[in-house]
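Student: Could you walk me through this one? I'd like to start with how the chains are arranged.

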Number of protein chains: 2
Amino acid sequence: MRVSSGVSEKLAHLEVLFDEKVKSYCGLSDVEDCSTPARKIIAESMLYSLNAGGKRLRPMLLLEMAKAYHGNMDIAMNFACAIEMIHTYSLIHDDLPCMDDDDLRRGKPTNHIVYGEDIAILAGDGLLNLSSELMMDTLIENNTSVRLPFAMREILNASGSSGMILGQVADIKYHEAAVDVERLDFINHYKTGKLITSALVSGAYLGDASDDEIILLREIGKEIGLLFQIVDDVLDVVGDPGKLGKRTQIDSRNDKTTYPNLIGMERTSETIEHIKANILKKVEKLSIDHTFLVSLVDFLAEREY
Amino acid sequence: MRVSSGVSEKLAHLEVLFDEKVKSYCGLSDVEDCSTPARKIIAESMLYSLNAGGKRLRPMLLLEMAKAYHGNMDIAMNFACAIEMIHTYSLIHDDLPCMDDDDLRRGKPTNHIVYGEDIAILAGDGLLNLSSELMMDTLIENNTSVRLPFAMREILNASGSSGMILGQVADIKYHEAAVDVERLDFINHYKTGKLITSALVSGAYLGDASDDEIILLREIGKEIGLLFQIVDDVLDVVGDPGKLGKRTQIDSRNDKTTYPNLIGMERTSETIEHIKANILKKVEKLSIDHTFLVSLVDFLAEREY
């Protein structure tokens, strides 16, 4: 995903940070003791999914907002790690046999295929917990920044049972009955939009964004999340499994309601254009340089993976 | 569990707090919208396990330490909620078919039996996330207390992939090979001892405990965790399923190594007495009133459930 050149270097640096953080928190830098096999397994399974070549959309949003609002980029890197850990844990749990039952993700076998269901559940739990540990350590080491707890709360609220987890529950339960556009938007907003929004907003909190800008970023995040999810649904129908790194036609196999099968491909394309225009109108009102967000919206609307 | 009368009232108050916190974080106090069914399901499944009548050992330890070291008891109540949420989430995931495959817990059907595996995994995830949200909100509302982040970090470290989750991985993986006393102690220390220790230590951080007292409490917590787990193993062999509210002989059914089947019942009883003596020697060195910890150790060594 190449949207801004400064960011791609930062994103490459993320992989190194993941390795370092996961290994240090799992105690792999400690002296050898009888614990080593367990430490190795949990660290390996967490890193396997973290470094499976995701798009890094959420860390990128967070880093770009922190940069645009003059934040401390070392702190922002730790928060970028944390939000990708949360996203990755949600994918590991989502792929489990009792959920979506996916055996391929980003072109590689899913976590439970490699490590077993038990370790996959624990690797997900471990990543969720590690994200809080990492943000908390950052907070303790930088106890002068009063906005840091707000950035942290933003991510935790978005990932919890009133955010992403609620979206998962809605996705499971609502598809047992008929789903209309309103319910589909609800699922998309919670399951995808909340965490994406928190990336923008917590990045802005780590900088010097005003309360008005924070409100605007929340609205933009909501629309970006919706755009992202609708394009995802389209790719599930027309996408190339080779480029996507995952099986397609999963939604129809699972009888999931999506924009394409609810309102048809043509009206779905119109909806995508409509959301794009909405986002760009709001981006215009931000005080920061618009280049990144404008190119991001183009990229998201036209992506092939 | 009646160890200190002031605490039993506080513990009764915990159930009310759980209800209030879970419902407010799940948005059940909001106006009706199309989201309500999903919100209800996730809140219900989280509350089902939270209020299934546990011993509340961890919140009790935390509250007692906060009280002994003159902490703010409103803050301590929120942290007590948070640590019980973490303990409960670990039980929900531990009971899953791919883990211990338990259908009975505290005398009631386990979460996945009632709500299905998918919702049970999400209820566990939700409780883990909610514990961080609750502590973070407490931190933001009480931004004058510099020790609050330390109390929070203590719990997060103990519950993560270098704490309780590591213990779970060791429990799964080490039992595939032969387990000796050293490995068994490792499993017990991480799987059980870490979170119990963090209850004592974070309670003390919420009060005015000195660094030396914190170190001593860490050692005491480690031994209490070991004591608790060994008695648990004994109860699995000789306990009354009616009193325990769960099936017994689970360990031998699952071929798990325990103190009784590793060194025999007699030497296990000696070990329990030895640990008790160790704990009491350390408790003597604490500056606070010893009554609670002494009666707790007696209770844990002689409990029947």
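**How the two copies sit**

Tutor: Chain A can be laid on chain B by a turn of 180 degrees and a shift of 0.0 Å along the axis, with an RMSD of 0.0 Å, where the copies are superposed by least squares on the C-alpha atoms of residues with pLDDT of at least 70 in both. The two copies are thus related as by a two-fold rotation axis. This is a predicted model, in which local features need pLDDT of at least 70 and side-chain atom pairs count only at pLDDT 80 or more, while totals for chains, interfaces and linings use all residues. Residues are numbered from 1 along each chain as its sequence is written, and chains are lettered from A and ligands numbered from 1 in the order in which they are written.

Student: How many residues does each chain put into the contact?

Tutor: Chain A gives 51 residues and chain B gives 52 residues, two residues being in contact if their C-beta atoms, placed from the backbone, lie within 7 Å.

Student: And which helix of chain A gives the most to that side?

Tutor: That is α6(A), with 16 residues; helices here are DSSP runs of H or I with at least four residues, and strands are runs of E with at least two, numbered from the N terminus.

Student: New topic: which residues touch the most other members of the largest nonpolar core?

Tutor: Of its 175 residues, they are I42(A), L62(A), I42(B) and L62(B). Such a core is a set of buried Ala, Val, Leu, Ile, Met, Phe, Trp, Tyr and Cys residues joined through C-beta atoms within 7 Å, and a residue is buried if 20 or more other C-beta atoms lie within 10 Å of its own, exposed if 12 or fewer, and partly exposed in between, with C-beta atoms placed from the backbone.

Student: What does I42(A) contact, leaving aside its neighbours within four places in sequence?

Tutor: Its contacts include C26(A), L122(A) and A123(A), and also S161(B), I165(B), L166(B) and V169(B).

Student: Where is L226(A), and is it buried or exposed?

Tutor: L226(A) lies in helix α10 (residues 211-238) of chain A, and it is buried because 23 other C-beta atoms are within 10 Å.

Student: What about the phi of R56(B)?

Tutor: It is near 60 degrees, a positive value in a residue other than glycine, whereas most residues other than glycine have a negative phi. R56(B) is in the loop between α2 (36-50) and α3 (57-68) of chain B, and R56(B) is buried, with 21 other C-beta atoms within 10 Å.
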